[in-house]
Amino acid sequence: MIAIGGAIGTGLFLGAGGNLAKAGPALAFAYAICGVFAFFVVRALGELVVHRPSSGSFVSYAREFLGERGAFVAGWMYVLNWSSAGMADITAVALYVHYWSMFTTIPQWVLAAVALAIVLTINLISVKSFGEMEFWFAIVKVAALVLFLLIGIFFLVTGKPVDGTHDPGISLISDNGGWFPLGVLPVVLITQTVVFAYAAVEMVGVTAGETAEPEKVVPKAVNSIMWRVGIFYVGSVVMLTLLLPWTAYSANESPFVTVLSKIGIPSAGGIMNLVVLTAAMSSLNSGLYTTGRILRSMSMAGSAPSFTARMSGSHVPYGGILLTATVAMFGVALNAWLPEDAFAIVTNISSLGVISTWVMIMLCHLVFVRRAREGVVHRPAFRLWASPWIELTTIVFLFGVVVMMWFDKDGAGRDTVLMLVPIAVCLTIGWYAVRGRVHRIASEREAPPVDPLE
């Protein structure tokens, strides 16, 4: 269920509205293509997890296959990813809550702060409380999407107009410019936000470290992601365009709320808004959980502050969770300063973290397969096919996404790519600041035990 929760989040429930407004029905193709590459990444990670389960996940694998510097870069880019995603999630919560008139007078930044405080408290209680909440969040999201698809099928079969004026069906696509009403380029330029929508599918690797039987659970979770992507992402986007013209959607409201508010069922829009609200809370919940474990793994290797390794009596790495929450507080400030642009800004930053994380996973898998061919390690039965071609193709695709971001002159894409320069500078300075401690801890870890009688 955590794998489902990771694959269905804010990127779909809120981001699809703005993307439909920018690219039209062709958004479904973008989701399908990015979904295939997301599946390749999680399949490669799944093989590594079955090989050696670790709550440090790909940071632990980066240390094993790419060295300490690779682990440092992988870990901090992932923290950047989830810290930015946390800002996006609290922004989404604030936007969702403003749907109800009784909350419109409350500033967006206040609602964002309240959301962060609630989820932070839940995460600090225990691993069990996180797991239970994420389980139910996932059920709510899946049930809501299934219900939406069933309602959509009902309107398509009966031909009942949506909002009293729009006859559902393929004509809503053909009569409004076809699949590519604005051309191919807008579809290409929104790819980075589509990649952001799939952020968290790799979280199955982190949770495996706290799973009783990862060799049984992980393959099932990984293999099921593909058809979920097809049904919930591609299917939902196609259904949205069959029920209303793509021009009816905007970045300021969940497209699911837009549809259900116009189908004539009392309170349907409000109920769906509550569902997408839980989806945003779920994503924030997952982010705090994941970065807490990643930062603890990094701290124990010397590449993160020592306090992030601290564990509570209920085995919660509260140091790392608090650090991530502190960074996410900048999202509260951003909501106070730029409430209209906050979501777009942080999702672009987060997409850089997602891309770097996926590239690191594929690089780790390439080295793992090479060592397996050398006889150093043994590949499990559950594996990624066609290595190294799948890994190389995925890496080229992800670098291509960054290039496409650069050509997005009208949006924040070029500014986002330029952020790679200060990020690289910070990573370089950070590495030289901690490399002495990292190598010392690594040498102590590899040193043979000393016989106390000698």
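**Reading aromatic pairs and a surface patch**

Author: Let's start with tryptophan 179, which counts as partly exposed because its relative accessibility is 31% (buried is under 20% relative accessible area, exposed over 50%, partly exposed in between, with a 1.4 Å probe and protein chains only). Keep in mind that this is a predicted model, where local features need pLDDT of at least 70, side-chain atom pairs count only at pLDDT 80 or more, and totals for chains, interfaces and linings use all residues. Residues are numbered from 1 along each chain as its sequence is written, and side-chain values use heavy atoms, with hydrogens and water left out.

Reader: How many aromatic pairs does the structure hold?

Author: Rings of Phe, Tyr and Trp (its six-membered ring) pair if their centres lie within 6.5 Å; planes under 30 degrees apart are stacked, over 60 edge-to-face, the rest tilted. Here there are ten aromatic pairs. Take phenylalanine 29 and phenylalanine 180: their ring centres are 5.7 Å apart with planes at 0°, so they are stacked. That pair links distant parts of the chain, 151 residues apart. Ring pairs also join Phe29, Trp179 and Phe180 into a cluster.

Reader: Are phenylalanine 65 and phenylalanine 368 stacked or edge-to-face?

Author: Phenylalanine 29, by the way, is partly exposed because its relative accessibility is 38%. As for phenylalanine 65 and phenylalanine 368, the centres sit 5.6 Å apart and the planes at 70°, so this pair is edge-to-face. Both phenylalanine 65 and phenylalanine 368 are buried.

Definitions and conventions: Helices (H or I, at least four residues) and strands (E, at least two) are DSSP runs, numbered from the N terminus.
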